[in-house]
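Trainee: I should like to go through the reasoning behind several labels in this model. Could we begin with the packing of a helix?

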Amino acid sequence: MPSGGMEMHARAFLKYWSTNNKYKISKTIAFSENNSDIIEHNNIHIVPKKYIYDHKSVVLYLKNINKKPDIFFFNSLYWLHITPELKNAFPDTLFVLRSGGNDILQSHILTKGSTHSIRRGYVISTINKYIDALIVNSNYSLDKFREIGIKDKKMHVVIGGVDHNKFYPPSGEEKNTLRKKLNIVNQTIIISVARLVKFKGISGLIEAFNYVRDYNVLLYIIGDGPDKESIQKKITDLNLNSKITLIGNIPMDNIDLYYKIADIYALTPIEHYINIDKTGGYIHTETMGRSFCEARSVGLPIVCTNVGGIPEVLKGYDNAYINEPGNTDSIKQSLLKAISDEKYAKITTVDKTHSWENIFKSYERIFNG
């Protein structure tokens, strides 16, 4: 998993709207820290990251490549650096911003204030004044944004995003074929797909898994991140190296294969308070959880926690075991139940609740006003 939800969303967005007749993408702009010059490739304009701080250059560039855009869709909060200047230059264009949830609470717009409080104030006032529609990933996020002062009328909740051509319940034959390639015979396979950071709750999941180690079960943790070393140490300290494997990053086009060889999906996020400075901080948690959308689409039993937007993602899904965060004993019992669960074998139809098609149809309703 080389990239996160924002990158996955961008990829699906480009694929869908490149062929949409009503709102077809005219230009795509991406920022890169590695570029010193503008590079154009397949209608994608890759510009130096410094442009995000230079509104004059960006406005001039946008005017040159597209005189009168109907919509600007911003997939990153960093565009708020220059949103006021863009709105002044394109007053009749619809400005739509998508938030991943934690980004607005963090307000990491370092050029707009010396403290977290000042920067968050800038983010809130800029969204309220210049953004026409703010797409948020859960009602949990909406409530948090409302609490800090973002106007209700700006916000639209759109949950999910799954490619159902890739994420679906595999046939027994397909699953067995994939498992043979990985030399998996009769083991029960649990997978977690996450960036290795504290709020994902990987450490607590490992502690709970330790109680089921005597079952014929393996845990594959897919992803990378700054906590990799401490997670590996915990695995070693608990003598679980033969039972838990840190797979690392998997290319986006191949990640579905691990869901298909799995028997259980387990990820137990927590609420992690991050103190930024003396003016405040925020609770960093799973505001939606795209991996839960994917596991649901494949029909896996899901062991998770009751934080953030996870209950919304799993609403109406009977094959989920939802626990209080940090409750190792409860998570352990859920793992035991999931290991003996027979529901997965009965699931043969894909759950399209969070399909990209449904997501982008919701976007189109927002675009239409």
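**Helix α15 and its surroundings**

Mentor: In this predicted model, the buried residues of α15 pack against α1 (5-17), β4 (71-74), β5 (94-98), β6 (133-136), β7 (155-157) and α11 (290-298). Those buried residues are W356, I359, F360, S362, Y363, E364, I366 and F367.

Trainee: How do you know that the span of α15 agrees with its number of residues?

Mentor: Helix α15 covers residues 356-368, which is 13 residues. At 1.5 Å a residue it should span 18 Å, and its end C-alpha atoms are 18 Å apart, so the two values agree. Just after α15, G369 takes a positive phi of about 80°.

Trainee: Which residues do ring pairs link into a cluster?

Mentor: The cluster holds F13, Y16, W17, Y23, F73, W356, F360, Y363 and F367. Ring centres must lie within 6.5 Å to pair, and by this rule the count comes to 23 aromatic pairs.

Trainee: Why is L218 called buried?

Mentor: The relative accessible area of L218 is 14%. Buried means under 20%, so L218 is buried. L218 belongs to strand β9 (residues 217-222). Leaving aside residues up to four places away in sequence, L218 touches Q187, T188, I189, I190, F209, S242 and K243.

Trainee: What makes K332 count as lying over the face of Y211?

Mentor: K332 is at 4.6 Å from the ring centre of Y211. The distance cut-off is within 6 Å, together with an angle within 35 degrees of the ring normal. K332 is accordingly described as lying over the face of Y211.

Terms used:
Residues numbered from 1 in each chain as written. Predicted model: local features only at pLDDT ≥ 70, side-chain atom pairs only at ≥ 80, totals over all residues. Heavy atoms only, no water. Helix = DSSP H or I, 4+ residues; strand = E, 2+ residues; numbered from the N terminus. Buried < 20%, exposed > 50% of the residue type's maximum accessible area, 1.4 Å probe, protein only. Contact = heavy atoms within 4.5 Å. Expected span 1.5 Å × (residues − 1). Phe/Tyr/Trp six-rings, centres within 6.5 Å; stacked < 30°, edge-to-face > 60°.
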